[in-house]
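Hi,

Here is the structure we talked about. Please open it first, then read my notes below.

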Amino acid sequence: MLIDDVTIKIKAGNGGKGAVAFNKNLMSLGPAGGSGGKGGSIYLEGVPDLNALGQFRYKKDIEAKNGADGRGQFRDGIDGIDLELLVPVGTIIHKKMKTNEIKEVLKIGEKILIAKGGRGGKGNFHFRSSTNTTPKQFQPGLAGENFTARLELKLIADVGLIGLPNAGKSSLLNEFTKAKSKVANYPFTTLEPNLGTYYELILADIPGLIEGASTGKGLGIKFLRHIERTKILFHLISAESENPVKDYKIIKKELETHSKELVKKTEYVFLSKSDMIPVAEIKKKITALKKINENIFPISVYDWDSLEKVKKILNEIKAEK
Ligand SMILES: Nc1nc2c(ncn2[C@@H]2O[C@H](COP(=O)(O)OP(=O)(O)OP(=O)(O)O)[C@@H](O)[C@H]2O)c(=O)[nH]1
Ligand SMILES: [Mg+2]
C-alpha cells in the first residue's frame, strides 16, 4: 500500500546544559565548566522512491538525540547527531505549530531542515571576567523544535495518464518507460500510482477514475492529488467504448470537481486500443471527439505508427521542458 499521507511527531534534540565547575589542577581555581552540546536537528532529503513514506507507517515518533551536558575541566558536551529522513520527491511538510508552516522537497538529493536542534548552554568558563573570576552562572540548553507534521506526497510528474479503468494507461506507461505497471483485462488493475521515466520526462500512471471519483468513489479521490502537479495530461479513452464522448466528459467533470486547475492543464486525448474496432468506427469516434478536443489521436500498443506519434508528442514535451 502506498503511504502518501501520514502524520508524525517530530522532535529535534534539546541542547545540553552548561556546567559549573572549577579548575582542580591549577592553582588559580578558575572556572572550568564546559558548554552543553547542540541538540540534533532533523532534515528531510528527497529520494526517487515513491514508497519512502512507508517508513512512518508504524514509526510515528521521530526524535533526534539531545546534546550532552557540559562537564568540568573545560569539556563540552557532544552534539546530538542530526537525523536525515528520506522522503519521496514531491513531499509536502505541513508543520502544525502556532502557525501552519509549509515546506516541500522538490528535487532528488534536496535536503531541507525541518526541526532545528536546541543550542547548548554555556558553561561557567564563558562567564569569567576580570570582575567575576569565580562565576557560578551557566545556561540551560534550549529545547529542540517539537511539532506534529503531516507529510503529504503529491507526485511531480511531467505527464499524467488518466482515464476510466481498463483504458490501457498502464500498458502505455510500460510501452514508453522501464516501468512494470500491472496490466490486466479488468477494471482497477492499478491500485497505486506508478512512475516511469522517458528520457528526462517523468510519466505517472494513476489508478482508473470513475464517475464520482472526486467525491470518493472507486480509488480516484485518493490519487487525484497526484496529478495536481503534473503539467500535461494524457487522457485515454478506450476505442471499445460505446460512447467515447460521454467517457471523456465523465473524467473531465471529476477533474473539475476536484480542482478547477486540473481542467486548465494541456491535455492530449488518445482513443486507445484502436486495433479492437474497425477503421470506419474509429473515424466516427474520432470525429465526435474532435468536436470537444482538437488534440485527439487513435493509438494502439500493437500499432507501431501510432506509438511513433505518441513518441513525437513526448519528444516535443521534452524539448519544451
Ligand atoms: N487490443 C489491445 N489491448 C490493449 C491495448 N492496450 C491495453 N490493452 C489491454 O487492455 C487491458 C487493460 O489495460 P491496462 O493497461 O491494464 O489498463 P489501465 O487503464 O491501466 O487499467 P486500470 O489500471 O484498471 O485503470 C489489458 O488487458 C491490456 O492488455 C491495445 O492497444 N490494444
Ligand atoms: Mg492501470
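An oxygen atom of ligand 1 sits 2.8 Å from a polar backbone atom of T189. Please keep in mind that this is a predicted model.

For V301, a backbone N or O atom is 2.8 Å from an oxygen atom of ligand 1. For N166, the distance from a backbone N or O atom to a ligand 1 oxygen atom is 2.9 Å. On its own, ligand 1 has 650 Å² of accessible area, and the protein covers 90% of that.

There are 22 residues around ligand 1, and K169, S171, F188, T190 and D275 come nearest.

Now the rings. The structure has 6 aromatic pairs. One of them is F176 with Y198: the planes are at 80 degrees and the centres 6.1 Å apart, so the pair is edge-to-face. F176 belongs to helix α1 and Y198 to strand β10, 22 residues apart. Both F176 and Y198 are buried.

F234 and Y268 also pair edge-to-face, with 5.6 Å between centres and 80 degrees between planes. This pair links strand β12, which holds F234, to strand β13, which holds Y268; the two residues are 34 apart. F234 has a relative accessible area of 1%, so it is buried. Y268 counts as buried too, at 14%. Together with F270 and F297, F234 and Y268 form one aromatic cluster.

Last, two charges over rings. K111 lies over the face of Y43, 4.8 Å from the ring centre. R128 lies over the face of F125, at 3.9 Å from the ring centre.

Best wishes

Note on methods: Residues numbered from 1 in each chain as written. Chains lettered and ligands numbered in written order. Predicted model: local features only at pLDDT ≥ 70, side-chain atom pairs only at ≥ 80, totals over all residues. Heavy atoms only, no water. Near = heavy atom within 4 Å. Polar contact = N/O pair within 3.5 Å; in protein donor to acceptor, adjacent residues only side chain to side chain. Areas by Shrake-Rupley, 256 points an atom, 1.4 Å probe, with all protein chains shown as cover. Phe/Tyr/Trp six-rings, centres within 6.5 Å; stacked < 30°, edge-to-face > 60°. Helix = DSSP H or I, 4+ residues; strand = E, 2+ residues; numbered from the N terminus. Buried < 20%, exposed > 50% of the residue type's maximum accessible area, 1.4 Å probe, protein only. Lys NZ or Arg CZ within 6 Å of the ring centre and 35° of its normal.
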